[in-house]
Amino acid sequence: MTNKVIFIDRKDQQLLNLLQRQGRMTIAELAEQVHLSDTPCLRRIKKLEQSGVIKGYSALLDPKSIGLQVQALAFVELVDNTCNSAEIFEQAVTELEEVIECAVVTGGYDYMLKIVAKDLEDYGLFIKNKIGAIKVVAKTESTLAIKQVFSRTYLPVYESEF
């Protein structure tokens, strides 16, 4: 799947920046902030949703407040670097709710996972029993976050240059 770059003008940029930071703003509030009337504002938002620029809306939760005290990065090496092994691994980790991000990486490992867990014991069991149980995993290496300084949930949005 290729992502098509969408033309973003200044109004779209303003709307996207506002929605990323305050996703519950009403159309009237958004329109006022970007100096549009409600209908053109709504049309722009629908266009951004339909084009896939806006992928969805969600609530951001504080992991610690719901008992997830551990955040870790796990680096995973597969037994071989084939499409079949990649498909098996990617399908397996997609089904694990503790894995909140998965990326293909360069270097000595094939994947980087961001994982949350209740505590260190829970994390250790997760790595052994769930990640270790995926038949194409050769080895893992973990890095634990001692303190999260910040986490951004928004992306920088720039006007298109074409």
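**Exercise 1. Find which residues of helix H5 are buried, and work out how they are arranged.**

*Solution.* Start with the buried residues: in H5 these are Tyr123, Phe126, Ile127 and Ile131, where buried means under 20% relative accessible area and exposed over 50% (1.4 Å probe, protein chains only). Next, look down the helix axis: the buried residues of H5 fall within an arc of 95°, so they line one face; the arc is that of the directions from the helix axis to the C-beta atoms. Then turn to the face away from the buried side, which carries the exposed Glu121, Lys128 and Asn129.

A word on the model: it is predicted, local features need pLDDT of at least 70, side-chain atom pairs count only at pLDDT 80 or more, and totals for chains, interfaces and linings use all residues. Residues are numbered from 1 along each chain as its sequence is written, and side-chain values use heavy atoms, leaving out hydrogens and water.

**Exercise 2. Which residue caps the N-terminal end of H5?**

*Solution.* Go to aspartate 119: one of its side-chain oxygens lies 3.2 Å from the backbone nitrogen of glutamate 121, and aspartate 119 caps that end of H5.

**Exercise 3. Describe how helices H2 and H3 pack.**

*Solution.* First, take the angle and distance: H2 (residues 27-34) and H3 (residues 38-50) pack at about 100°, with axes 9 Å apart. That makes H2 roughly perpendicular to H3, a label for angles of 65 to 115 degrees. Finally, list the contact (heavy atoms within 4.5 Å): Ile27, Ala28, Leu30 and Ala31 of H2 meet Asp38, Cys41, Leu42 and Ile45 of H3.

Methods:
Helix = DSSP H or I, 4+ residues; strand = E, 2+ residues; numbered from the N terminus. Polar contact = N/O pair within 3.5 Å; in protein donor to acceptor, adjacent residues only side chain to side chain. Axes fitted to C-alpha atoms, helices over the stretch in contact; angles between N-to-C directions. Parallel < 35°, antiparallel > 145°, perpendicular 65-115°, else oblique.
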